[in-house]
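Grab a pencil and work through these exercises with the model open beside you. Try each task before you read its solution.

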Amino acid sequence: MEEKKHKFKPLDFEYKDEQLMSKIAENLNQDLNKRRTIRTFSDRPVPIEIINNCIMAASSSPSGANKQPYKFVIVQDEQVKNDLRLAAEKEEWQFYNKRASQVWLNDLKPFRTNHIKPYLTKAPYLIAIFAKPFDIINDEKVKYYYPIESTGIATGALISSLHLSGLATLTHTPSPLNFLNQVLDQPKQYKAMILLVVGYPEHDTIVPDQDRKPLNEISQII
Ligand SMILES: Cc1cc2nc3c(=O)[nH]c(=O)nc-3n(C[C@H](O)[C@H](O)[C@H](O)COP(=O)(O)O)c2cc1C
C-alpha cells in the first residue's frame, strides 16, 4: 500500500544534438541578457493569461521536498495598487531620509531612485511574492523546507519567463516589506519577499548604462 502511494514514472527527457544545444544556450544567454529592470512603465493592459502562464512556468522550479512554499498575489485592482503605493512610499521615505547608510545611498545614485514610485499605480500588474515558512491547515502547523531558497529560484524563473514573453519587470523591495501582508490580507507567517512590477516600458524608457560581470568573475572551474 505504502509503495503504491509513492509511485515513480518514466522521465520525460529528450536528448538533443550537441550543436543545437550550444546554439540554444548561446541564444538564451543573448535573450536573457537583454532583460533590464525598468522604472518607467506604460499603462498598456497585458492579458492575464500571460501572467498566469509565467507563474505556472515559475512553479516548475525545484522546491524543498516539492512543497512549493510560495504564493504569488497578482494585483490589478486600482484601489489596492493605490494602497500599496501609499504604504511603499511611506517606507521608502523613511529609507531614503532616515534608515539608509550613506554608503548605500551612494550605491543607489546610478539608479536615480527616490521614495516616489509612480509605477506602483501605473503598471498593469504588481505581483507580491511571499515565501511560506509554514501554513496552518485545519488548526495544524504544516512546515515547509527551504522557503527562501525555493521562492528565490521560482522568482528568477518568473522574471525570465515574463521577459521572454515580451514584458518588462522591476524587482521592488521597499524595506520593511511586511505592509504587503496587511494591505493584501495575507497570513502573518508569510514572508513578503518582493513586489514585482510587471508591464510594458513607457516609450521613452531609459536604463542605467551598466555592465555585467564577465564569466571568470562569477564562475570557476575546478
Ligand atoms: C533582490 C533585489 C532587490 C531590488 N530592489 C530594488 C528596489 O527596491 N528598487 C529598484 O529600483 N530596483 C531594485 N532592484 C533592481 C536592481 O537595482 C537591478 O536588478 C540591478 O541594478 C541590475 O540591473 P538590471 O536588472 O537592469 O540588470 C532590486 C533587484 C534585486 C535582485
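**Exercise 1: a helix across strands**

Find which strands helix α4 (residues 78-99) lies across, and the angle at which α4 runs to β1. Step one: α4 lies across β1, β2 (125-131) and β5. Step two: α4 runs at about 115 degrees to β1. Helices (H or I, at least four residues) and strands (E, at least two) are DSSP runs, numbered from the N terminus. Axes are lines fitted to C-alpha atoms, for helices over the stretch in contact, and angles run from 0 to 180 degrees between N-to-C directions. Contact means heavy atoms within 4.5 Å.

Before you go on: this is a predicted model, where local features need pLDDT of at least 70 and side-chain atom pairs count only at pLDDT 80 or more, while totals for chains, interfaces and linings use all residues. Residues are numbered from 1 along each chain as its sequence is written, and side-chain values use heavy atoms, with hydrogens and water left out.

**Exercise 2: the sheet**

Work out the order of the four strands in the open sheet. Step one: read across the sheet and you get β1-β2-β6-β5, with antiparallel pairing (two strands pair if DSSP finds at least two bridges between them). Step two: look at the edges, where β1 (70-75) and β5 (168-172) each have a single partner strand, so one side of each has no neighbour in the sheet. Step three: zoom in on β5, which five bridges join to β6 (residues 191-199). Here T169 stands opposite V198 in β6.

**Exercise 3: check a helix length**

Does the span of helix α2 (residues 18-33) agree or disagree with 1.5 Å a residue? Step one: the expected span is 1.5 Å times one less than the number of residues. Step two: for the 16 residues of α2 that should be 22 Å. Step three: the end C-alpha atoms are 22 Å apart, which agrees.

**Exercise 4: two helices meet**

Describe how α2 and α7 pack. Step one: their axes are 10 Å apart, at an angle of about 90 degrees. Step two: that makes α2 roughly perpendicular to α7 (under 35 degrees counts as roughly parallel, over 145 as roughly antiparallel, 65 to 115 as roughly perpendicular and the rest as oblique). Step three: L28, D31 and L32 of α2 make the contact with S160, H163 and L164 of α7.
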